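I opened the model and kept notes as I went through it. The entries below are in the order of looking things up.

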Amino acid sequence: MTWPPLREELRGIEPYGAPQLDVPVQLNVNENPYGPSAEVAADIARAVGEAAVSLNRYPDREFVDLREQLAAYLNTSGGSGITPDMVWAANGSNEVLLQLLQAFGGPGRSALSFAPTYSMYPEYARNAMTQWVVGHRESDFSLDLDAARALILQTRPSVILLPSPNNPTGTALPPEAISMLCEAAGDGLVVVDEAYGEFRRAGTPSALELLPKHRNLVVSRTMSKAFALAGARLGYLAAAPEICDAIRIVRLPYHLSAVTQATALAALRHAPELLGKVEDLRAERDETVAWLREQGLTVADSDANFALFGTFADRHGVWQGLLDHGVLIRETGPDGWLRVSIGTPDEMAAFKNALTKVMEDQ
Ligand SMILES: *Cc1c(COP(=O)(O)O)cnc(C)c1O
């Protein structure tokens, strides 16, 4: 055996992560550019201070208060009738999704998604020893539903992962498509990853509305994006109580620290303020998409806080050119495309100036 005795299939693999470069304008990981206000930060600090007094004790394993508040929030954000026993949470929706695969995937089972899709999914599948199956989206990033159904019936995945709004494309799936996939999946789970759900455009419904219709539907959300709380690591899902119950078998004991629970509860008390910038970001997003199109570029419709645009014969050259002007975006998506996260008006002005110059030089 070679040293260290790493699993065979992990040898030579680089750990995942977007480049973290120290440049003035960082528009590469879909963060919310607006941090909490001084008041909200102080209230979070106060809540953490209170939790600190009893850090000698393990936290509430079932995070009852947090589940209650997350359920209440979801009922104001596209859901209705969601009860605390229909909510699960973990350290980021990345952990929620890994737990889903640990509980419902595993050896002899498969997980399916449709590319382009979130680049972490195949890694969760690998870590949960679940076979990874990938179908494809159309050139406008929509789903060919007949082909999708056929692939589901042929491969019978136990988990189907559908980011909507999708990362890296920004496009959302219509509810009819999600319903059809839930039916085709049989007893398999359909996980709609709504990490960007709060940014969806007017008229784009949340998959939360479909929960009463499909017992195999899981809708995941995160506090990392719209809530501007990426550093706190809190992701969650809504699903039938028996699904939430089953995840408890694979979670690590006390996986949500008392500090995390206090932070998330304090943030939920300030949901209106923390989400206050979502409107501005949506407007800035629509404006950015329109501007990119005016430059003659192709831009995917976006229901998220980023835009996927292209296509460039030398996308790496464009990415590097932007970086040379102090603007970091993400080289991701299908060949020729680039993804820019929506920042503040100043950051977007810097991005537009830099891109104009880079395109003149191309
Ligand atoms: C950012 C993102 C997440 C959120 O991850 P966290 O672990 O909650 O920070 C989940 N899914 C997709 C598709 C994302 O882009």
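I began with the loop between β1 (25-26) and α1, where N30 is found. The model is a predicted one, and I read every value below with that in mind. N30 is not a glycine, yet its phi is positive, about 60 degrees.

I then went to A228, in the loop between β7 and β8 (235-238). A228 also has a positive phi, near 60 degrees, and is a residue other than glycine. Its relative accessibility is 15%, which counts as buried. I noted these two since most residues other than glycine have a negative phi, and most peptide bonds are trans.

Next I looked at cis peptide bonds. The bond from A115 to P116 is cis, with omega near -5 degrees. P116 has its place in the loop between β3 (110-115) and α4 (121-127). Another cis bond joins N167 and P168, with omega at about 20 degrees. I located P168 in the loop between β5 and α6.

**Helix α6 and the cysteines**

I followed the chain into α6 (residues 175-184) and found it mostly covered, with seven of its 10 residues buried. The buried ones are A177, I178, S179, M180, L181, C182 and A184. I asked what covers the buried residues of α6. The cover includes α5 (145-155), β5 (159-163), β6 (189-193) and β7 (217-222). After the helix comes G186, with a positive phi near 60 degrees.

How many does a search of the whole structure find? The search gives zero. The cysteine sulfur closest to that of C182 belongs to C244, and at 15 Å it is too far for a bond; the cut-off for a disulfide is 2.5 Å. C182 is buried, with a relative accessible area of 3%. C244 is buried too, at 0%.

**Aromatic pairs**

I counted ring pairs and got nine aromatic pairs. I wrote out the pair of F63 and W88: it is edge-to-face, 5.1 Å centre to centre, with 65 degrees between the planes. F63 sits in the loop between α1 (38-52) and α2 (64-74) and W88 in strand β2 (residues 87-90), so this pair ties together parts 25 residues apart in sequence. For burial I have F63 at a relative accessible area of 1% and W88 at 0% relative accessibility, so F63 is buried and W88 counts as buried.

I then took F309 and F351. Their ring centres are 5.8 Å apart and their planes at 70 degrees, so the pair is edge-to-face; the angle needed for that is over 60 degrees. F309 lies in strand β10 (residues 306-310) and F351 in helix α12 (residues 345-361), so parts 42 residues apart in sequence are tied together. F309 counts as buried, at 0% relative accessibility, and F351 is buried with a relative accessible area of 0%.

I also noted an aromatic cluster made up of Y118, Y121 and Y124.

**Charges over rings**

I found K277 over the face of Y34, 4.7 Å from the ring centre. R339 lies over the face of F306, at 5.4 Å from the ring centre.

**The largest nonpolar core**

Which residues of the largest nonpolar core touch the most other members? Of its 113 residues, these are L100, F309, I329 and F351. Helix α8 (residues 258-269) gives the largest share of this core, six residues.

I listed the contacts of F351, leaving aside its neighbours within four places in sequence: L27, T288, L292, F309, L322, V327, I329 and V340.

**A three-stranded sheet**

Last, I traced the open sheet that holds β10. Its three strands run in the order β9-β10-β12, with antiparallel pairing. β9 (298-299) and β12 (338-341) are at the edges with a single partner strand each, so one side of each has no neighbour in the sheet. I looked at how β9 joins β10: the two run antiparallel and share two bridges. T298 has G310 as its bridge partner in β10.

Note on methods:
Residues are numbered from 1 along each chain as its sequence is written. This is a predicted model: local features need pLDDT of at least 70, side-chain atom pairs count only at pLDDT 80 or more; totals for chains, interfaces and linings use all residues. Side-chain values use heavy atoms; hydrogens and water are left out. Rings of Phe, Tyr and Trp (its six-membered ring) pair if their centres lie within 6.5 Å; planes under 30 degrees apart count as stacked, over 60 as edge-to-face and the rest as tilted. Helices (H or I, at least four residues) and strands (E, at least two) are DSSP runs, numbered from the N terminus. Buried means under 20% relative accessible area, exposed over 50%, partly exposed in between (1.4 Å probe, protein chains only). A charge sits over a ring if NZ of Lys or CZ of Arg is within 6 Å of the ring centre and within 35 degrees of the ring normal. A nonpolar core is a set of buried Ala, Val, Leu, Ile, Met, Phe, Trp, Tyr and Cys residues joined through side-chain atoms within 4.5 Å. Contact means heavy atoms within 4.5 Å. Two strands pair if DSSP finds at least two bridges between them.
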